[in-house]
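Hello,

Here is the structure I promised to pass on to you. Have a look at it first, and then read on for what turned up.

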Amino acid sequence: MNSLATLSVRNLQTSLLQKKGPLNLVRGIDFEVMPGETLALVGESGSGKSLTALSIMRLLARNAQWQCQGEVLFKDNQGLEHNLLTLPEKTMRTLRGHRIAMIFQEPMTCLNPVITIGQQISESVSLHLGLDQSSANASALRALEQVEIPAAQQRFHEYPHQLSGGMRQRVMIAMAMICKPQLLIADEPTTALDVTIQAQILNLMARLQKDTGMSMLFITHNLGVVAHHAQRLAVMYAGQIVEQGSVADVFAHTQHPYTKGLLACLPGRARQLSRQTGQRVALLDIPGQAPSMAITPTGCSFAPRCHSCFEKCLQSLPEWRGLPAHTSLCHLEAHS
Ligand SMILES: Nc1ncnc2c1ncn2[C@@H]1O[C@H](COP(=O)(O)OP(=O)(O)O)[C@@H](O)[C@H]1O
Ligand SMILES: [Mg+2]
C-alpha cells in the first residue's frame, strides 16, 4: 500500500443487515487513488459500484441498516490520515462537500427544487469556507462561469427544473468543485446524458481536474470513457474487484475473462480485434446474469458465466495473480 495515496480503501465490506442475516454486497475490496489521478471503477449494473462510493462518503440510505467494515483512509491536505468509517459524523460533515465531494448520475437527487441554483451553490460555499453572503454569491457566480454555463448571471437566479439535464450536471459539478476538493467521487455522472453532452461534461471535468490537481474516483460502466479519462482501472464483479491495473496494461494485456467480456462489448474494440485476427468479432453482451448476492459461491463468482471455467473455479476461491501493478482474481495463469 502506498502511503502517499489520497484515498486508500482496504478490505471494505458493506453488508445490508436483514432479519435473515447480512447480505454481503461489497465483499472485501482494496484500491487506492493517488494525488491528481483518476481511478475508474467499472462493472455491470448491480456489481456494487455505487454502494462502494456511498460507503466511502458514509451516505448509505438511511431506510436500511448497513454495516461497513475495513478501512477507508483519506489523507487531507495537511497530510493527516482519517479513517472515514470511524470518524465522528460531525467531522465527516466538515470533510464531505469540502475536501471530498461527490456527483451523481441524476443531479435532481441532490438539487433542491425550490431554491435557485445560485443560492444553493452559494450556501454550500458559505457553509464550508465561512464566506459572507456577497463573497459567497460572487464565488458561486464564478463557479457557474467556470463550468461554462452560458448567461451564468441570469442562470444564477433560475431553479433546477428550468435547466436541461446537461446544464444541471454542470451545476452539480460547480457545486462539487467550489471548495476545491482533494477527491471527487463521480458516480456515472454522464450516463443520463446524450453522447455529445457527455463528451462536453467529461472534457470539462478533465480540465477542472488538471487545474486543481484533485484525485478522482470515476464510476462508469462505459469502458470507452475509461480509455480517455482514467489512468488506472478497477473492474468490479459481484461485490469484488476482479482486475486492477493501469488502463493501458489492462486494455493491452487483459487477464480476467470478465474484463475480456466487457472489452469485447465495446464497438471499437470489436472492430480492432476483427482487424487483428482477420475474423469477424461479434459485438456481444456477456451471456448469463450477474449472480444473486444472497448466495455465497464456493468458487469464483464469475465461474457460471466464464468461457474459461474449469473444475477448480467451481471448487475454490481464486487468489490474486500477476504483479502488484496489474493483478487479477482468477485461477487462470496470468497471461497476456
Ligand atoms: N438499499 C438497498 N437495499 C437492498 N439492496 C440494495 C440496496 N442498494 C443496493 N442494493 C443491491 O446491492 C447491489 C449493488 O448495488 P449498486 O452498488 O447500486 O450497484 P452498481 O452501482 O454497480 O450498479 C445490487 O445487487 C443492488 O440490488
Ligand atoms: Mg450505480
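How many residues surround ligand 1, and which are the closest? Please keep in mind that this is a predicted model. The ligand is surrounded by 13 residues, and Ser45, Gly46, Lys49, Ser50 and Leu51 are the closest of them. Helix H1 (residues 49–57) gives the largest share of that shell, with three residues. Sorted by class, the shell around ligand 1 holds six nonpolar residues, six polar ones and one charged.

Next, the sheet. It is an open one built from four strands, ordered E2-E1-E4-E5, with antiparallel pairing. Strand E2 (21–33) and strand E5 (81–83) are at the edges and have a single partner strand each, so one side of each lacks a neighbour in the sheet. On average, and ignoring direction, neighbouring strands here are turned by 10° against each other. Inside the sheet, strand E1 (residues 7–18) runs antiparallel to strand E4 (residues 66–75), and eight bridges join the two.

Finally, a pair of helices. Helix H3 (residues 117–129) packs against helix H6 (residues 165–177) at an angle of about 20°, and their axes are 9 Å apart. Because the angle is under 35 degrees, H3 counts as roughly parallel to H6. The crossing of H3 past H6 is right-handed. On the H3 side, Ile117, Gln120, Ile121 and Ser124 make the contact, while H6 contributes Val171, Ala174 and Met175. Five of these contact residues are nonpolar, two are polar and none is charged.

Enjoy exploring it!

Best wishes

Terms used:
Residues are numbered from 1 along each chain as its sequence is written. Chains are lettered from A and ligands numbered from 1 in the order in which they are written. This is a predicted model: local features need pLDDT of at least 70, side-chain atom pairs count only at pLDDT 80 or more; totals for chains, interfaces and linings use all residues. A residue is near a molecule or strand if its C-beta atom, placed from the backbone, lies within 6 Å of it. Ala, Val, Leu, Ile, Met, Phe, Trp, Tyr, Cys and Pro count as nonpolar, Asp, Glu, Lys and Arg as charged, and the others, Gly among them, as polar. Two strands pair if DSSP finds at least two bridges between them. Axes are lines fitted to C-alpha atoms, for helices over the stretch in contact, and angles run from 0 to 180 degrees between N-to-C directions. Angles under 35 degrees count as roughly parallel, over 145 as roughly antiparallel, 65 to 115 as roughly perpendicular and the rest as oblique. A crossing is left-handed if the near helix is turned anticlockwise from the far one by less than a right angle, and right-handed if clockwise. Two residues are in contact if their C-beta atoms, placed from the backbone, lie within 7 Å.
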